[in-house]
2 protein chains.
Amino acid sequence: MTSSNPVTSPIDPGAGAASERIAAQLRTAILAGEIAPGERIRQEDVAERLGTSRLPVREALRILEAEGLTEHTANKGARVPRLDAAELDVLYRMRERLEPLALIQSMPHLTAGEIRELESIHERIAADADLREFMVLDRAFHLGSYAGCASEQLSSSVTRLWNATQPYRRAFMSLGGQHRRWIVDHEHRLILDAIERRDPEDAERYLAGHIRRTRIELAAHPELFGATAARRT
Amino acid sequence: MTSSNPVTSPIDPGAGAASERIAAQLRTAILAGEIAPGERIRQEDVAERLGTSRLPVREALRILEAEGLTEHTANKGARVPRLDAAELDVLYRMRERLEPLALIQSMPHLTAGEIRELESIHERIAADADLREFMVLDRAFHLGSYAGCASEQLSSSVTRLWNATQPYRRAFMSLGGQHRRWIVDHEHRLILDAIERRDPEDAERYLAGHIRRTRIELAAHPELFGATAARRT
DNA sequence: GGGGTTGTTATTGGATCCAATCACTGCCAG
DNA sequence: CTGGCAGTGATTGGATCCAATAACAACCCC
């Protein structure tokens, strides 16, 4: 209680509407893997933990549903979707087609500063070895390269795809050793070079290849499904 | 009032949860063009007209937002998104890449009965001249051809694209004469033949061409934007 | 002893009331 | 006459209470 009390929450983190702050909190938790696929999210738990009523939680869950982070069934509540191998395969094929389009649309409008930022992220990925940090930087690199894409629809679609696949991408990257990271790093380098040369064809080719390779490797690891989270039905 | 009273609503159309019935009502209205792009949707109006409280309306609007039919801003409410020429162009490029994928995924699983149904829809499109009916049948034809697609994510993405572009597709089809309809009819024939031959390459080619041609023609009609609906900012 | 059934409990869905925010109009000063 | 400002009305956002549904468990009858 007292979430609306300005005294008890003087810092006011997130500032904006309450339902969106809750959505942001849950989004971070899900993307960080703190809530596993298949795990149920009870409205009252969240409401109590964040010191608010259940109502904005309901709205937050609907917002997250729109972003592909939760799924909702009537009278049964929300849960983080669990994917099977076939669904993940299709999601990667969607990425393979949509993200090159996003990059093509974005590239002409990327500023020099934004490209420098990509370069910085790329260097930090190579330097830092922590998986959690890698997940954040990898996402920042790709989505950052689409920053110049003016289309709201395309941006949100791509984000949805990243959201939905995130848990499995993490499980996949946690499998192998450094080897896997080197390959990713090399492919990012190729994409970044093409961006700096302002060469859309090459950028599209390398990006599509990057995603396609990952999809094929994922298909070789059926143990990712069911192993990620096993909390009943 | 009395929406939950089983006596006053014995037929119980839609059966399911109330917020989803409301969403269905609004969805139909928007797709039918009864609510124009840019037009605002006030919660209380809808609540009153459907004899319910504002709360399920809020949820319904969030559901529709997830489907790309409305957009929502804090403290300002929901409205049907209005697109500019650039955004529509990108949406069609997205369709051009995603829908062939959906068709490829769907084709192997289409039953003979489903293909007969597509044939039936195709004939009805050719026979019937009414624009409203055409919009329904055209949508049924395309989305029906993706019925075998098992991926929930891909299906909903494609549906979102159809939702977002629907008002402009209607405005476009209302422009020309029979000429435009003949071309669409012919292209549908090519796609359907490829489906019946179970030829994924041809199907993908014809479908992509169908969408691409429409995109290019749309680009030649800048008068579609702003003409569709003009209810202030 | 097993299967169907019924009662109980936990959880979500909906209605009403209250608070906060935003847009708009009219006013006043420059 | 025009720009800024304050007050007011309209509209959305949130909290609390109540109803409905579904999972679960104990029970009874066969």
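This is a predicted model: local features need pLDDT of at least 70, side-chain atom pairs count only at pLDDT 80 or more; totals for chains, interfaces and linings use all residues.
Figure 1. The side chain of R62(B) takes part in a salt bridge with E65(B), with a distance of 3.3 Å from N to O. Both residues belong to helix α3 of chain B (residues 54-66), where they are three residues apart, about one turn of the helix. E65(B) counts as partly exposed, with a relative accessibility of 28%. R62(B) also reaches across to the other chain, forming a salt bridge with E59(A) in which the closest N and O atoms are 2.4 Å apart.

**Figure 2. The contact between chain A and chain B.** The contact draws 28 residues from chain A and 29 residues from chain B. About 2700 Å² is buried between the two chains, and carbon and sulfur atoms give 56% of this area. On the side of chain A, the residues that lose the most area to chain B are R62(A), R97(A) and Q153(A), which together account for 27% of what that side buries. Six salt bridges are counted between chain A and chain B. The count of residue pairs in polar contact between these chains, with both residues at pLDDT 80 or more, is 13. Helices α3 (54-66), α4 (85-106) and α7 (152-173) of chain A each contribute at least two residues to the side that touches chain B. The largest share of that side, 11 residues, is supplied by α4(A). By residue class, the side of chain A that touches chain B comprises 14 nonpolar, four polar and 10 charged residues.

**Figure 3. The symmetry relating the two copies.** Chain A is superposed on chain B by a rotation of 180° with 0.1 Å of shift along its axis, at an RMSD of 0.0 Å. The two copies are therefore related as by a two-fold rotation axis. Within chain A, the C-alpha nearest the axis belongs to A66(A), at 2.2 Å from it. Of the interface residues of chain A, 100% are also interface residues in chain B, so the copies meet through the same surface.

Figure 4. R95(B) and E99(B) are joined by a salt bridge whose closest N and O atoms are 2.5 Å apart. Because the two residues are four residues apart in helix α4 (residues 85-106) of chain B, about one helical turn separates them. Both R95(B) and E99(B) are buried.

Figure 5. R205(B) pairs with D202(B) in a salt bridge, the closest N and O atoms being 2.7 Å apart. The residues are three apart in helix α9 (residues 200-219) of chain B, so R205(B) and D202(B) are separated by about one helical turn. D202(B) counts as buried, at 15% relative accessibility. In chain A, salt bridges that share partners connect D89(A), R93(A), E96(A), R212(A) and R215(A) into one network. Over all chains, the count of salt bridges comes to 44.

Figure 6. E187(A) is located in helix α8, which spans residues 178-196 of chain A. With a relative accessible area of 13%, E187(A) is buried. Leaving aside residues up to four places away in sequence, E187(A) touches H210(A) and R213(A). L190(A) is also placed in helix α8 of chain A. L190(A) counts as partly exposed, at 27% relative accessibility. The C-alpha atoms of L190(A) and H210(A) are separated by 9.7 Å, with the two residues 20 residues apart along the chain.

Figure 7. Chain A contains 10 helices and three strands. From the N terminus on, these elements follow the order α-β-α-α-β-β-α-α-α-α-α-α-α. Chain A has 233 residues, of which 46% count as buried. Among contacts in chain A between residues at least 6 apart in sequence, 75% link residues at least 24 apart.

Conventions
Residues are numbered from 1 along each chain as its sequence is written. Chains are lettered from A and ligands numbered from 1 in the order in which they are written. Side-chain values use heavy atoms; hydrogens and water are left out. Buried means under 20% relative accessible area, exposed over 50%, partly exposed in between (1.4 Å probe, protein chains only). Contact means heavy atoms within 4.5 Å. Copies are superposed by least squares on the C-alpha atoms of residues with pLDDT of at least 70 in both. Buried area is the accessible area (1.4 Å probe) that two parts lose on being put together, summed over both. A salt bridge is a side-chain nitrogen of Lys or Arg within 4 Å of a carboxyl oxygen of Asp or Glu. A polar contact is a pair of N or O atoms within 3.5 Å; within protein, one must be able to donate a hydrogen and the other to accept it, and residues adjacent in sequence count only if both atoms are side-chain atoms. Ala, Val, Leu, Ile, Met, Phe, Trp, Tyr, Cys and Pro count as nonpolar, Asp, Glu, Lys and Arg as charged, and the others, Gly among them, as polar.
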